Amino acid sequence: MAWSRVAAQLAAAAVVVSAMVGGGRCMTNVAPGKNITATYGDEWLDAKATWYGKPTGSGPDDNGGACGYKDVDKEPFKGMIACGNQPIFKDGLGCGSCFEIKCDKPAECSNEPVTVFITDMNYEKIAPYHFDLSGIAFGAMAKKGEEEKLRKAGELELKFRRVKCKYPGDTKITFHIEKGSNPNYIAILVKYVAGDGDITGVGIKGKDAKEFQPMKQSWGAIWRIDTPKPLEGPLSLELTTEGGTKLVADDVIPKDWKADSVIKSELQAKE
């Protein structure tokens, strides 16, 4: 069990004891804050931070999470990932969004902002806004050489704000055709979107079709469509970001596509 989770449990136990001794009321759930949208502005807000997984790891043991991404330990995420609570994760519609975070207490904090990507869901109701960070991301808020000491804090207060997502120059929007997909059922994971980072709508269009058909969010960053008439490739995709930007990848999925395959487009949003 990660140190942050142990610390959180000890803190919760202390609150219970305090309430029993002092006759106070013990609150176990904190209501979530308002959803953090792509247009909320650049104001710094308060949040709680914890961390999970290995101290210098990327969170989940399988390097995945509730968004459906894999290999979050590798480029371009490089382990700088976070589980956001509901107003940040937004039932998966916040997947891929980016946030600057920083802390000034305890003394090991650098108070310099670092950027994290939302890749997972956080169910702990300990604050209106809560980031459960990878060990790498939590340590990144520390002064140089103080990473391990900061992780021993387990839980801390931080400031955060939504920012545009930036990726290395050669990073393009990438699609993963999920296992089990076939001409009558296609599920597609969307990742590495710059700018808003998160996708709120996906349309798909087969060969010679005039209009895009809307796909439904399956879970996380995965979108699906069930159709009685097989979709004939090549297939085009239309993406809509939370801020309203529309991106079209024409004929991005080839006619001979296969399930469980990765397709790198030539498309990227403006940062």
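These legends walk through the cysteines of a predicted model, one close-up at a time. Local features rest on pLDDT of at least 70 and side-chain atom pairs on pLDDT 80 or more, while totals for chains, interfaces and linings use all residues. Residues are numbered from 1 along each chain as its sequence is written, and side-chain values use heavy atoms, with hydrogens and water left out.

**View 1. The disulfides of the whole structure.** A disulfide is a covalent bond between the sulfur atoms of two cysteines. Here it is taken as a pair of cysteine sulfur atoms within 2.5 Å. Searching the whole structure on that basis turns up three disulfides. With the bonded cysteines of the protein numbered in sequence order, they pair as 1-2, 3-6, 4-5.

**View 2. Cys67 is bonded to Cys95.** In this disulfide the two sulfur atoms lie 2.1 Å apart. The bond brings together distant parts of the chain: Cys67 belongs to the loop between strand E1 (45-52) and strand E2 (81-84), and Cys95 to the loop between helix H2 (86-89) and strand E3 (98-102), 28 residues apart. Helices (H or I, at least four residues) and strands (E, at least two) are DSSP runs, numbered from the N terminus. The torsion about the S-S bond is about -90 degrees, so this disulfide is left-handed. Cys67 counts as buried because its relative accessibility is 0%; Cys95, at 4%, counts as buried too. Buried means under 20% relative accessible area, exposed means over 50%, and partly exposed is in between (1.4 Å probe, protein chains only).

**View 3. Cys98 is bonded to Cys165.** Their sulfur atoms are 2.1 Å apart. With a torsion of about 115 degrees about the S-S bond, the disulfide is right-handed. Both Cys98 and Cys165 are buried.

**View 4. Cys103 is bonded to Cys109.** The S to S distance in this disulfide is 2.1 Å. Its S-S torsion is about -100 degrees, so the disulfide of Cys103 and Cys109 is left-handed. Cys103 is buried, with a relative accessible area of 2%, and Cys109 is buried at 5%.

**View 5. Cys83, a cysteine in no disulfide****.** Which cysteine sulfur is nearest to that of Cys83? The nearest is the sulfur of Cys67, 8.9 Å away. Cys83 counts as buried because its relative accessibility is 3%.
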